[in-house]
Number of protein chains: 2
Amino acid sequence: MSAILEKFLSTQARVDESAIQPLPNSQKIHVTGSRSDIQVPMREISLSNTQLNNKQEKNLPLTIYDTSGPYTDPKSSIDIRKGLTEIRKPWIEDREDTQRLPQTNSQYSHQQANDPSLDHLRFPNKKLPRKAKKDCNVTQMHYARQGIITPEMEFVAIRENQRLSEYKAQCFRQHPGQSFGAQLPNEITPEFVRSEVAKGRAIIPANINHPEIEPMIIGRNFLVKINANIGNSAITSSISEEVDKMTWAIRWGADTVMDLSTGKHIHETREWIIRNAPVPIGTVPIYQALEKVGGIAEDLTWEIFRDTLLEQAEQGVDYFTIHAGVRLAYVPLTASRLTGIVSRGGSIMAKWCLAHHQENFLYTRFEEICQIMKAYDVSFSLGDGLRPGSIADANDEAQFAELETLGALTQIAWKHNVQTMIEGPGHVPMHLIKENMDKQLACCGEAPFYTLGPLTTDIAPGYDHITSGIGAALIGWYGTAMLCYVTPKEHLGLPNKRDVREGIVTYKIAAHAADLAKGHPGAQIRDNALSKARFEFRWEDQFNVGLDPDRAREYHDETLPKESAKTAHFCSMCGPKFCSMKISQDVRDYAAEKGIETDSAFTQGMAEKAAEFRHQGSKIYREA
Amino acid sequence: MSAILEKFLSTQARVDESAIQPLPNSQKIHVTGSRSDIQVPMREISLSNTQLNNKQEKNLPLTIYDTSGPYTDPKSSIDIRKGLTEIRKPWIEDREDTQRLPQTNSQYSHQQANDPSLDHLRFPNKKLPRKAKKDCNVTQMHYARQGIITPEMEFVAIRENQRLSEYKAQCFRQHPGQSFGAQLPNEITPEFVRSEVAKGRAIIPANINHPEIEPMIIGRNFLVKINANIGNSAITSSISEEVDKMTWAIRWGADTVMDLSTGKHIHETREWIIRNAPVPIGTVPIYQALEKVGGIAEDLTWEIFRDTLLEQAEQGVDYFTIHAGVRLAYVPLTASRLTGIVSRGGSIMAKWCLAHHQENFLYTRFEEICQIMKAYDVSFSLGDGLRPGSIADANDEAQFAELETLGALTQIAWKHNVQTMIEGPGHVPMHLIKENMDKQLACCGEAPFYTLGPLTTDIAPGYDHITSGIGAALIGWYGTAMLCYVTPKEHLGLPNKRDVREGIVTYKIAAHAADLAKGHPGAQIRDNALSKARFEFRWEDQFNVGLDPDRAREYHDETLPKESAKTAHFCSMCGPKFCSMKISQDVRDYAAEKGIETDSAFTQGMAEKAAEFRHQGSKIYREA
């Protein structure tokens with residue numbers, strides 16, 4: 001393990017080859033905004049034509065929300081030693097409210113930069129950090145409240161629409177949804193984005209020191225997003241492994257990535273990740289602060305924590321999990337719990353509070369933290385340090401006491417125009433999930449909710465992507481804006497690439513199932529395209545439109561590996577004679593061929609249906 | 001493939017070794033009923049003791065519902081050439097309402113029995129079938145309506161309770177549920193079982209020719225059950241593979257198994273499965289009937305179908321899927337669908353109806369079918385032949401027209417005292433799932449609902465165990481009695497053993513999440529036991545209490561393979577310093593050790609909590 005770690009050499013760092021393969025039958029496209037440097041990436045999947053006995057038609061390509069950045073674009077040349085293009089740089093500079101610092105404000109960053117023993121690990125292309133000019137507030141919320149539509153906001157609007165207007169002409173089918181109060185416009189305008197950010201109902205995590213990102217939005221009235229956690233621990237993993245996990249995670253669809261490293265070289269690992277990440281990066285700064293005091297929670301101080309915030313803000317972290325709601329008075333409320341405090345950050349702060357008999361310094365210093373956040377536009381992700389770690393502890397007094405405090409802190413953050421989202425549980429049985437969402441909306445003024453699962457049962461270690469995927473789909477439907485994935489390794493070990501992919505696809509399913517249930521405009525287009533391909537035995541299209549084309553193909557080929565099977569009108573499940581899809585096609589063909597008049601088919605007991613049927617033209621299958 | 005098939009020799013058939021390993025730290029126990037031959041099997045998992053700084057306590061063993069039959073009992077010797085012990089034989093004989101037939105009533109069975117070319121495949125220990133005596137009705141519903149509590153009913157009552165009364169003394173915690181009208185008694189009595197079967201709200205599938213089963217019940221007021229589909233196709237699989245899949249499926253928790261074979265040697269395959277199955281076996285007889293007419297749906301006749309029902313009823317199939325609701329008049333309602341008719345049985349019958357311009361013979365001959373069902377106690381599973389095969393087609397007119405017909409057929413079945421459940425969809429977005437359950441309850445007089453998923457999105461081939469596991473958990477919560485599993489191979493290929501295990505564990509999760517949400521008495525005991533083990537770093541117990549101990553151990557060991565790690569108070573996710581569980585323990589220990597009086601800790605802003613806190617005794621952690 002440390003052998004792997006030591007092997008990492010900055011001079012030899014290379015992108016993971018598996019991250020840069022284009023997805024099958026897909027091409028990267030860019031939709032241009034009001035200025036030529038607003039180039040919004042999407043993935044376009046080409047489909048083959050329908051070729052059935054009675055039907056030949058062209059199938060238009062499908063547009064897919066694409067989180068993979070330039071990695072899947074064969075036109076890009078990727079060198080992780082250089083980092084990604086700073087696409088936001090002109091937008092930030094045009095605002096003229098920031099400046100490059102002559103040197104970092106963080107003592108720790110300064111030490112790291114001047115430690116020759118780290119030279120071989122260091123990201124080679126490091127720039128000086130940017131900060132708001134004196135008395136300037138550089139948050140997207142600040143601009144939004146001033147009525148300014150930033151390029152970031154316009155980017156997000158174009159991205160959310162996914163060229164929906166082009167599909168509207170095709171009259172695609174979609175069920176009306178049940179949105180529980182979410183307001184989903186038919187078209188996302190830049191002004192709608194601005195107003196949602198101004199109201200605090202959505203955030204665009206976009207640190208001015210992370211100009212490489214393709215902006216995205218997190219809010220109940222937008223597509224449900226997912227986050228993937230990566231990060232090393234004291235036990236395992238290296239810098240290159242973590243960068244590979246990031247590029248792997250966005251390939252499968254992670255909208256943001258949290259670097260939860262708690263092992264060696266946290267600072268350097270993070271630099272490599274941010275410089276190469278087209279998605280927002282989140283962290284839990286208390287983890288690194290604890291590392292700096294040798295793991296002794298009692299030794300944490302505001303000064304060390306503050307320096308860590310500066311260090312990470314200046315590297316470009318887009319959102320911080322801050323466990324400011326773990327108040328001293330709430331710690332005793334966890335005493336009768338089955339599983340105590342299970343949030344790492346929450347337990348660290350609880351220990352500090354008890355040891356010092358003092359209120360949590362993240363709470364008492366909250367306005368000072370806001371000052372830092374708004375100088376870099378780091379968003380708050382207010383941590384749920386007292387979330388339940390078991391079904392037994394769900395929705396208890398400790399959890400909801402903290403949630404109320406997070407609501408109060410949200411108001412303070414908003415006073416400073418700091419973008420804010422709220423973290424949620426945890427382990428919650430299905431019937432208690434909605435209460436979480438309803439209380440969060442009520443307590444926190446509709447600030448976006450960002451939940452971990454929740455896990456709907458405790459009894460399946462090894463399958464907690466599934467126990468939690470169920471809860472995630474539900475809470476996403478109820479209104480959660482971003483779902484933090486859980487991998488099959490949850491409770492057991494650190495996820496590897498296989499686990500990351502499994503966790504992300506599971507959460508893409510949960511998020512999409514939620515979009516469908518909410519009735520998000522256009523959400524059903526992809527389902528329709530896949531099902532049409534399936535019904536028409538366009539196997540390659542069925543694979544390619546799915547969330548994981550590689551696995552679909554692999555599973556199909558396990559029993560029917562020949563290329564000819566990709567055009568066969570049956571599969572290995574039923575064989576040719578029992579294929580319902582094929583029979584159903586046969587029924588259509590048969591009826592069309594014979595021009596069946598069905599009147600003769602109606603005998604006693606079918607009169608009521610017959611009348612309705614005749615009214616419709618009396619053909620068994622008519623043209624749509 | 002056919003090479004594998006030909007290799008199967010009756011004389012060399014052996015049980016799959018992987019099916020007969022006892023589960024870790026588990027022993028098979030039997031709870032005795034009112035007569036000594038009512039021996040209800042359960043699995044007891046031994047737990048290690050709690051050994052923490054401030055706490056030593058014994059953890060009582062956990063009782064788990066066990067579907068694995070004698071296979072996991074080291075005291076049993078399994079020989080699949082002999083089949084399982086006929087535990088129901090004395091119960092059936094005591095009722096004196098059945099007789100052994102001198103020979104089978106099925107012509108096809110007769111032919112098969114006398115075909116020397118099948119000798120090498122034939123189950124060696126075949127007995128003559130049993131049938132109701134003239135004018136006798138031998139269904140559990142018939143007995144229930146006469147006020148008779150059968151040994152099967154008593155067996156089921158004991159089994160459902162899972163020794164709950166022994167746990168009640170321990171005051172385990174459980175959240176009150178939300179049951180949507182389900183009536184869940186604190187203790188299941190034999191009389192309650194009888195009354196639910198009499199009302200048609202539950203069924204006990206138990207063919208008199210399948211005396212080997214350990215009876216189980218399917219109903220909204222009992223534990224949610226799951227079914228696993230197995231079966232060969234024309235493309236792949238052999239007899240021994242299918243028997244192995246059955247023993248593998250029940251090991252992981254399948255409550256019933258459907259043999260959906262459509263390939264070679266369907267009759268012989270089924271015989272091997274039934275004789276070795278301790279769980280009810282379901283089939284779709286139309287599949288075999290179609291096979292008998294060379295796969296030409298138009299050539300199906302009532303006579304061939306009737307002979308198939310007799311053949312399978314006399315082999316011991318416990319429930320038949322019958323697509324009697326696919327009426328000719330409904331076929332045109334599917335014309336504008338995106339994916340037509342996707343049920344195999346449904347599409348076969350639709351094709352037959354159209355070709356003959358006649359009403360579905362399963363509908364017109366329904367009372368004749370009931371006569372057969374009640375002579376063997378085969379339960380109906382009324383098939384949803386018009387279920388939606390895509391999100392677009394969910395809850396449409398065709399689907400609900402069929403459901404209304406299934407309701408009418410249920411009344412006819414009940415007139416004959418034939419046990420009946422109703423099959424449900426399919427592909428349905430989350431927000432349209434409840435309508436399915438509500439309509440089913442209303443149309444079908446609360447007959448048990450048995451659903452396939454439903455899949456909540458179409459876009460994830462390769463992961464449809466998850467797209468459907470979400471829907472299954474929801475519909476189980478709403479009141480579905482049995483969930484038919486979906487494996488990762490759905491839409492792509494025939495599941496192998498890996499897929500069967502993945503599908504079953506996913507569905508055990510869905511069923512258990514539903515039980516928790518409904519508030520099934522005692523459902524939370526297992527969650528509590530697992531979470532307590534997790535919090536106390538009893539790693540082995542955490543693995544063993546879970547649904548898949550092997551995978552949990554394997555995942556843990558990927559990063560920390562040493563035995564010492566199984567007692568470590570941390571894991572590879574966070575390492576020792578960041579382990580919230582460990583810190584939370586430390587907090588408890590610290591408080592207990594210091595006997596902390598927290599008054600001094602309360603300063604401004606905490607007064608309101610302080611009062612409450614003092615009222616509780618002012619210790620941070622008090623004894624429970």
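Predicted model: local features only at pLDDT ≥ 70, side-chain atom pairs only at ≥ 80, totals over all residues.
Figure 1. Contact between the two chains involves 141 residues of chain A and 140 residues of chain B. Together they bury about 11,900 Å². Carbon and sulfur atoms give 66% of that area. The interface of chain A and chain B holds 6 salt bridges. Residue pairs in polar contact between chain A and chain B number 26, counting pairs with both residues at pLDDT 80 or more. On the side of chain A that touches chain B, helix α18 (residues 497-518) gives the most, with 12 residues. That side of chain A has 69 nonpolar residues, 43 polar residues and 29 charged residues.

**Figure 2. A salt bridge joins Asp393(B) and Arg173(A).** One partner belongs to chain B and the other to chain A. Side chains of opposite charge can pair when their charged atoms come close.

**Figure 3. Asp464(B) is buried and has no salt bridge.** Asp464(B) sits in helix α17 of chain B, which covers residues 464-478. Which side chain of opposite charge is nearest to Asp464(B)? That side chain is Arg534(A), 4.1 Å away. A salt bridge needs the atoms within 4 Å. Asp464(B) does have a polar partner: its side chain meets that of Thr467(B) in a polar contact of 2.7 Å. Leaving aside residues up to four places away in sequence, Asp464(B) touches Arg534(A) from chain A. From chain B, Asp464(B) touches Leu455(B), Thr457(B), Gly469(B), Val486(B), Thr487(B), Glu490(B) and His491(B).

**Figure 4. Chain A has 23 helices and 17 strands.** The chain counts 624 residues, and 69% of them are buried.

**Figure 5. Ile218(A) lies in strand β9 of chain A.** Is Ile218(A) buried or exposed? Its relative accessibility is 0%, so Ile218(A) counts as buried. Ala481(A) is 263 residues away along the chain, but the C-alpha atoms of Ile218(A) and Ala481(A) are separated by 5.7 Å. Ile218(A) also touches Ala481(A). Beyond residues up to four places away in sequence, other residues that Ile218(A) touches include Arg201(A), Ala202(A), Ile203(A) and Pro205(A). Thr256(A), Met421(A), Pro448(A) and Met482(A) are also among them.

**Figure 6. Glu446(A) and Arg220(A) form a salt bridge.** Their closest N and O atoms are 2.7 Å apart. Why does this pair tie together separate parts of the chain? Glu446(A) lies in the loop between α16 (433-443) and β16 (449-452) of chain A, and Arg220(A) in the loop between β9 (218-219) and β10 (225-230) of chain A, so the pair ties together parts that are 226 residues apart in sequence. Glu446(A) is partly exposed, at a relative accessible area of 28%. Arg220(A) is buried, at 10%.

**Figure 7. Asp396(A) and Arg337(A) meet in a salt bridge.** The N to O distance is 2.7 Å. Asp396(A) is in the loop between β14 (379-382) and α15 (397-415) of chain A, while Arg337(A) is in the loop between β13 (319-322) and α12 (344-356) of chain A, so the pair ties together parts 59 residues apart in sequence. Both partners are buried: Asp396(A) has a relative accessible area of 18%, and Arg337(A) has 4%.

**Figure 8. Glu446(B) and Arg201(B) form a salt bridge in chain B.** The closest N and O atoms are 3.8 Å apart. Glu446(B) is in the loop between α16 (433-443) and β16 (449-452) of chain B. Arg201(B) is in the loop between α7 (190-199) and β8 (202-203) of chain B. The pair links distant parts of the chain, 245 residues apart. Glu446(B) counts as partly exposed, with 28% relative accessibility. Arg201(B) is buried, with a relative accessible area of 13%.

Figure 9. Over all chains, the whole structure has 82 salt bridges.

Note on methods
Residues numbered from 1 in each chain as written. Chains lettered and ligands numbered in written order. Heavy atoms only, no water. Helix = DSSP H or I, 4+ residues; strand = E, 2+ residues; numbered from the N terminus. Buried < 20%, exposed > 50% of the residue type's maximum accessible area, 1.4 Å probe, protein only. Lys, Arg positive; Asp, Glu negative; His and termini not counted. Polar contact = N/O pair within 3.5 Å; in protein donor to acceptor, adjacent residues only side chain to side chain. Contact = heavy atoms within 4.5 Å. Buried area = accessible area lost by both parts, 1.4 Å probe. Nonpolar A, V, L, I, M, F, W, Y, C, P; charged D, E, K, R; others polar.
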